[in-house]
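Try each task before reading its solution.

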Amino acid sequence: MKRLISIFLFSLFAQLALAADAAPDALVRDVTNDVLTIVRQDKAIQSGDTRKAIDLVEAKVLPHFDFKRMTALAVGRDWRQASPPQQDQLIDAFKSLLVRTYSNALTQYRDQTIDFKPLRAQPDDTDVLVRTEVKQSGARPVQIDYSLEKSAAGWKVYDVIVGGVSLVTNYRGSFAQEIKASGIDGLIKSLQAKNKEFAGGAKS
Amino acid sequence: MTATPVDRTSRLQRVGATVAIVVLTGCATTGSGHPDDPLEGYNRAMFSFNETVDKAVMKPLAQGYDYVTPKPVKVGIGNFFGNLADVWIGVNNLLQGKVRDALSDAGRFLLNTTVGLAGLFDVASDIGLEKHDEDFGQTLGKWGVGEGGYFVVPFLGPRTIRDTLALPVDFKADPVGWLQDVASRNVLYGVRAVHDRYTLLGVEKTLEEGTLDKYTYARDYYLQQRRYRVFDGRPPRARGDDAAILTAPDASLEATTSAAVQRLDLAALDLAPRAVAFPGDTANP
């Protein structure tokens, strides 16, 4: 549980690049730098304005994530049992949950610095891992890695791994539990209820 | 993580007694069937007890500390305790055969204790001597001792049985505990506990808003992260299988999906090439 903060905190920076064919490591670096530059100058976000952080994430980060694949990964083996409309609802609800969580984490960002590791991949790879390291004075550095896949629309992030923990597959346990108890619709309802409860990103 | 500065001996005794009781009665406990969590009933109860204690005591203290303490002072306090911890971290690296890391830890301690003014400044990190994270539980893991299941320790939070049993060794090796003067020792315990909690402020908000079941999420998170640390590993790159979940033709759907998921689950456990077997992974209590 330790360092959950930094974990969620940085999961979000896997982002951005306007050019669809930008290299995956450049994409991660540019989006991260872009978002952090804004956060450093935004007193509202720093003081916990989640709504504003969500707007930032939706504009800068969201376009670079493959939420369908993320949701399928989080749901695991029950994914194919969900009908297409159920899948859409799941994607929608999970996306809101992740965006809100990451936006919250962003408001916690202070003065950590980020090292971007050299990309170890072949030029024709379509699935790569971009590795970064977050440093904060007085604390052990935290590894944050991004899995990206090349699609027609450019590189898309489908997993974020913080300190060895996949933020996507870590949901699998609780999702499976929910499906076992009340089915796919039960999981959709729980996610939607959670989103409704915290909608609007109330100031903390 | 939410340690309170209670008397050390009585805390140890209490933890020890609890472990003994739980281990003895463990086989009779039934949970929802997670293979790494045979004591789920007890663990859930203790998790919620710890949450209550945290809400009533540690969190308010940490918030107060955060509010009244200037940022540079907080960094200095974190560095100070981090420096004390580097000694035991280095010993554990040595016990795990990582001589290079152990030397680096020794260098960190010498440098930060002198040039860094008794550890208040982490000058070693600035010159590239990276801080490590080791404890006796990780050393046991490296030696091949199995996890023995998930276990929520009273006041301290998530551990495995193995790491819980290693706790007394970590406590003994804690330089703060060597202080003869009980009053200043307890002050240091208290400040460290509050500072540690301060570094986690905001986590409960994330857990509250971002998860369906806090307990399950925290457990799975802890176990994955712990395995990663034990092996100083890198996460697996076996994710390609997951594409099967999305693209498998309906006919072969079941088999492909479950195979992919199974491989993935294994990959998640196998955070580093395994030099040693994990008895805890396969043993079914």
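Helices (H or I, at least four residues) and strands (E, at least two) are DSSP runs, numbered from the N terminus. This is a predicted model, in which local features need pLDDT of at least 70, side-chain atom pairs count only at pLDDT 80 or more, and totals for chains, interfaces and linings use all residues. Residues are numbered from 1 along each chain as its sequence is written, while chains are lettered from A and ligands numbered from 1 in the order in which they are written.

**Exercise 1.** Find how many helices and strands chain B has.

*Solution.* Going through chain B gives 13 helices and 2 strands.

**Exercise 2.** Work out how helix 4 and helix 6 of chain A are oriented to each other.

*Solution.* Step one: locate helix 4 of chain A at residues 50-60 and helix 6 of chain A at residues 84-106. Step two: take their angle, about 115°, and the 8 Å between their axes; axes are lines fitted to C-alpha atoms, for helices over the stretch in contact, and angles run from 0 to 180 degrees between N-to-C directions. Step three: helix 4 of chain A is therefore roughly perpendicular to helix 6 of chain A, a label for angles of 65 to 115 degrees.

**Exercise 3.** Name residues that make this contact.

*Solution.* Two residues are in contact if their C-beta atoms, placed from the backbone, lie within 7 Å. Helix 4 of chain A contributes residues including Ala53(A), Ile54(A) and Val57(A). From helix 6 of chain A come, among them, Val99(A), Tyr102(A) and Leu106(A).

Definitions and conventions: Parallel < 35°, antiparallel > 145°, perpendicular 65-115°, else oblique.
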